[in-house]
Amino acid sequence: MTAPYARYRRAVAIPAGMAMATALAFLPNTMATAAEDAPAPASARADAAPLSYVVNVKPGHRTSAYVKKAVAKAGGTVVTSYDQIGVIVVHSSNADFAKTIRKVRGVQSAGATRTAPLPSASTGDLGAPKVLSAAEVAKAEAPAGQDPLEPQQWDLPAIKADKAHEKTLGSKKVTVAVIDTGVDDTHPDIAPNFDRKASVNCVSGKPDTADGAWRPSAAESPHGTHVAGEIAAAKNGVGMTGVAPGVKVSGIKVSNPDGFFYTEAVVCGFVWAAEHGVDVTNNSYYTDPWYFNCKNDPDQKALVDAVTRAAKYAERKGAVNVAAAGNENYDLASDEITDPSSPNDTTPGDRVVDPSKCLDIPTQLPGVVTVASTGAKGIKSSFSNYGLGVADIAAPGGDSTAYQKPEAPATSGLILGTLPGGKWGYMAGTSMASPHVAGVAALIKSTHPYASPALVKALLYAEADATPCTDPYDINADGKIDAVCEGSKNRNGFYGWGIADALDAVTK
């Protein structure tokens, strides 16, 4: 049996010798008047394990209240509900709960958010970052005006962030939410810019506002902390520098202790961001347990519906949603892809999907900025997903030095970031590319404080440095084509509208 494993976008397997881097439907005008109109639930099997579900209804209290009564009759318990977007989070041990509740008038879609029972199956697939030793940090030297580790950050000049910082570091009135595994706000490079009011733990699907609930435990992934530092590590004479070191960053923890990003948590994260003044969200993950969610499956359709509603709500409230394209070198514009990893919380198996119909969420949702990764030579990273019309923009996410070696004094082809416990280290992936774009979006919002999300995105794309297709693309020089890029210089499958430009973000 294949061991279960989490597939959030923080980890990339790289060659030996390198460290692992890690549609809203509308109800008819008529509506049922009593919950008793719901069909009677099938009896729960004695051995049925409890699962988590999302039940999607028309936004507003009236329908939601009616359906909640039907949920109880069908053997479910309401964990929380987001009436503003019509998503109800439910736990049930009734094996037929979803089938039963879908027949209730007012329910537009409903499905299980996982295939493993509560709590989820554990995973050992936690790629470790390459951590800088205390000695390496202590001996780091930088030119005047730079933080000590900045010379190792080849990714900053790659998007002209170093030049942008001569103009501005960004506005303290702008907040980027890291929807991820949690953020260690006690880190000396994060603490000066941390927005506590916009931080929360959403793992259960319901906001936990206890102080520090947004932090990862010692046993959990450092991914979210790394992402937060890439975006907004303070320019304070300590450690490294973020892309937008003057903006605020918040932590919205949506990954459970086993590393799974389930729908109810992601929905909670987007809604929290929407209602707490967040300007940009960074999403370096896919929503478990399905890499691609096929709308012809009622469970998977419900997950797409729920996350779509939440992401759209965040954008309506003023947030630009940025997401990582993924690390499998998939052409997301192709006719079919073989997905070997779903469902990843029980036993995955090969299935062939059409990525135009089976969506990677939130990455492929309408309105989301989809980010592909580049390495130190400005070429598509060996692992980065791509696709004409799918990839919107590109940014540094790192690659093996065997493929793309940075210029001295930088030594690693991976991306430097902050790690819990006041440490720093290297990781690679589109997970690392996405926060660069989130940082540039934050700089645009700093420069244009009244810009709508649509305008911020338009400027992000217009200001990107157009990059032609790499053709042929033989990243490991073995004589075989590793990926085929389609499109023009101004927009193509590898780089979208181009590579993000931080300098233009603060000068145009």
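Reply: Start with accessible area, which comes from the Shrake-Rupley method with a 1.4 Å probe. The protein exposes about 18,400 Å². Carbon and sulfur atoms supply 54% of that area. Keep in mind that this is a predicted model.

Me: Why is Ala314 called buried?

Reply: Buried means under 20% relative accessible area. Ala314 has 0%, so Ala314 counts as buried. Ala314 lies in helix α8, residues 298-316.

Me: What makes a residue a contact of Ala314, and which ones qualify?

Reply: Contact means heavy atoms within 4.5 Å. Leaving out residues up to four places away in sequence, Ala314 touches Phe270, Ala274, Ala319 and Asn321. As for Val278, its C-alpha is 8.5 Å from that of Ala314, and the two are 36 residues apart in sequence.

Me: How much of the whole protein counts as buried?

Reply: Of its 508 residues, 59% do. The protein has eleven helices and 18 strands. Strand β17, residues 415-419, is mostly covered: five of its five residues are buried.

Me: How do you know that β17 and β18 pair?

Reply: Two strands pair if DSSP finds at least two bridges between them. β17 and β18 have five bridges, so they meet the cut-off. Their pairing is antiparallel, and β18 covers residues 423-427. In one of these bridges, Gly417 has Gly425 in β18 as its partner.

Me: What lies between the strands of that hairpin?

Reply: Three residues lie between β17 and β18. In this hairpin, Gly421 takes a positive phi near 80°.

Methods
Residues are numbered from 1 along each chain as its sequence is written. This is a predicted model: local features need pLDDT of at least 70, side-chain atom pairs count only at pLDDT 80 or more; totals for chains, interfaces and linings use all residues. Side-chain values use heavy atoms; hydrogens and water are left out. Buried means under 20% relative accessible area, exposed over 50%, partly exposed in between (1.4 Å probe, protein chains only). Helices (H or I, at least four residues) and strands (E, at least two) are DSSP runs, numbered from the N terminus.
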